[in-house]
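Open the model in your viewer and keep the sequence beside it. We will go from one selection to the next.

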Amino acid sequence: MAQRPSRPTTRKTLLGVAAAVTLAALNAPAVAGFAQDAYHRYEINQPEYKAKYGHWALASLPEKYQLNSIHAILLHTGKVLLIAGSGNNVKLFEGGAFKSTLWDPSTDTFKKIDTPNDMFCAGHAQLPDGKVLIAGGTARYEVLKGDVKRAGGAMLVKNENPDRAHTFPKGTVFRAPSGVEYRSQFSVHVPAAKKVPTGQGGNVKVTASEARVFVEAADKGPLGMTNTTEQYAIQGLKGEDADNLYGIANKLGLDKKDFQGIKDAYEFDPVTEKYTRVGSMREARWYPTLTTLSDGRVLAVSGLDDIGQVVPGKNEVYDPRTQTWSPAPTRYFPTYPSFFLTGRRKIFYSGSNAGYGPAGKGRKPGLWDLRSNTFTPIGGLKDPDILETSSSVLLPPAQDKKVMVLGGGGVGESPAATSRTAIVDLDAEHPAFTAGPRLPKSIRYLNSVILPDDTVFTTGGSRGYRGKGASDILKSQIYDPHKNTFAPAADPTVGRNYHSEALLLPDGRVAVFGSDPLFADRADSRAGRFEQRVEVFSPPYLHRGDRPDLAPGGRTDVEHGGEVVLRTADPARISRVRLIRPGSATHVTDFDQRSVALDITRRGNGTLTARVPNDAALVPPGRYMAVAVDTRGVPSRAVWIHVSG
């Protein structure tokens with residue numbers, strides 16, 4: 001007979017069993033959650049799941065190459081230029097630490113790029129020769145009211161001398177009649193005064209020229225505040241110069257100081273992998289939109305200027321042949337307006353924008369004719385006051401001339417957000433927005449990327465302003481323009497909101513960068529941290545068997561209306577070829593991406609020919625990815641084609 005345990009031992013055993021049962025009960029949710037997470041990790045890695053929903057993976061970004069990605073630009077070398085500048089980090093700005101990183105997705109390798117200026121919140125566009133234009137950026141970070149220590153504001157510098165211009169360096173001192181001194185924060189060039197004939201005996205009238213510069217009081221405190229118009233003497237000038245050159249200011253105060261832009265512009269060469277300075281813009285711009293026109297020139301609009309105000313409709317055009325700027329038609333838009341080239345010198349403005357500007361000015365969607373400088377509003381949009389930080393995309397193929405608007409938030413820090421999508425057919429006799437399918441949730445900061453199979457991948461975003469209240473939405477979906485429906489895609493693992501961007505890569509994947517949440521917790525009690533991880537999505541079409549092959553069959557330079565020869569082992573397998581312009585994304589807006597359908601002829605000798613449309617407004621000159629898609633919707637890897645103007 002087995003020995004009976006003693007009473008103390010029995011009691012200890014019972015206590016141990018009870019404790020185990022109690023612990024199991026307490027830990028049941030955690031155990032269940034662990035099991036659920038484990039099963040989810042198993043499920044999302046199954047071939048069937050990937051073929052239906054796609055798959056996410058993190059890129060291995062070494063610490064020394066990490067940066068706050070504000071801009072992401074695909075280059076014709078297949079590499080991605082990530083620009084941070086100061087990356088919304090005032091300490092880096094003050095220290096002059098400006099960053100760019102070059103990422104090669106095919107080898108997952110990285111390279112630091114010398115960055116000559118603060119390109120944080122600049123504008124950019126692809127140029128006809130494959131270089132990239134980057135214009136504008138940051139001259140000064142905002143300073144909130146209460147933190148402003150020196151009175152400041154705009155100073156008009158006048159020149160009454162018709163025979164000589166004058167340039168004043170940064171730090172030039174302007175003295176008020178009271179003796180209070182102010183220093184210019186930037187250099188300023190003042191043209192010579194203008195001579196205008198009066199028509200009376202050869203006499204002329206001299207009209208003073210003027211230029212604007214931001215100034216700050218030399219001393220801290222309220223002594224520098226003024227609300228009266230006064231004339232300011234310029235230190236160091238004598239004689240006639242002191243009489244002819246002076247400053248005029250209306251208000252110099254301690255109110256909030258907004259971000260200020262710069263006039264500098266650069267071209268980035270994907271081959272040499274270097275920035276080269278080109279002609280400066282006429283206006284300083286922070287948050288500008290750059291749009292490549294049908295003749296290869298680039299239109300620059302909006303942005304905050306050198307005193308922190310929205311540029312009042314003074315637009316300009318860059319000519320890459322001369323690397324200089326000239327005036328463009330005057331029209332006001334809020335910062336980072338979403339533009340789509342829809343005809344020769346015709347622009348469609350979807351109403352999407354990324355921030356600064358009054359709620360009731362320049363926010364209505366419409367068609368802008370640059371030749372006549374006329375603007376035709378387009379109506380029908382539900383929630384027209386919730387367009388800020390919305391996404392806009394030219395639906396594939398671009399020949400259909402349909403633009404979709406997705407989600408969006410209210411103006412400024414408004415808590416309003418919407419799940420609305422809307423589509424406008426710009427080829428209709430009377431274009432107007434019609435309702436599209438609803439997004440799963442109300443959302444802003446949504447990234448939208450055109451895929452080679454004529455669908456649109458959307459991902460990320462948040463319900464609240466800059467992700468407030470831990471409102472990032474870890475969802476993705478794929479829109480099918482032919483069915484007018486969304487299908488769910490695999491969930492990303494990294495939240496994305498403000499300062500995020502996404503790009504189609506040459507191998508058919510989508511890379512997502514950045515995110516700049518205001519806070520790090522649901523209670524909005526801890527400061528947020530910029531997201532530096534890069535997450536890459538492999539769409540379902542990359543998990544459906546072998547891909548069609550594609551290679552150049554000869555010259556890769558083609559003119560509008562010309563043909564390009566492509567080699568493929570099985571031409572009969574190819575259902576269509578798309579010409580996809582490489583993206584240049586920032587603030588959930590892509591200024592360049594579009595997908596153009598090509599007419600193809602299949603040959604029996606392992607080749608096919610693809611004809612480029614004879615329409616420079618549909619296919620702006622530049623580098624493109626040619627992608628062949630088979631009958632299952634599976635795309636080839638891209639072949640780079642140069643469409644010359």
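Colour the chain by pLDDT, the predictor's confidence in each residue, from 0 to 100. The protein chain averages 93, and 95% of the residues score at least 70. This is a predicted model, so local features need pLDDT of at least 70 and side-chain atom pairs count only at 80 or more, while totals for chains, interfaces and linings use all residues. Residues are numbered from 1 along each chain as its sequence is written, and side-chain values use heavy atoms, without hydrogens and water.

Select residues 1-15. Here pLDDT stays under 50. The model gives this stretch 1 contact (heavy atoms within 4.5 Å) beyond four places in sequence. Where pLDDT is low, the predicted coordinates should not be read in detail.

Next, select V80, W103, F457, L504, V510, F513 and M625. Within the largest nonpolar core, of 37 residues, they touch the most other members. Such a core is a set of buried Ala, Val, Leu, Ile, Met, Phe, Trp, Tyr and Cys residues joined through side-chain atoms within 4.5 Å. Buried means under 20% relative accessible area, exposed over 50%, partly exposed in between (1.4 Å probe, protein chains only). Strand β39 gives the largest share, 4 residues. Strands are DSSP runs of E, at least two residues, numbered from the N terminus.

Zoom in on F457. Among the residues it touches are W56, V510 and F537.

Now select β44, residues 574-581. How many of its 8 residues are buried? The count is 6. β44 runs antiparallel to β49, joined by 6 bridges; strands pair if DSSP finds at least two bridges between them. R576 has V629 as its bridge partner in β49.

Finish at β47, residues 594-602. β44 pairs with β47 over 5 bridges, also antiparallel. Look for R581 opposite R594.
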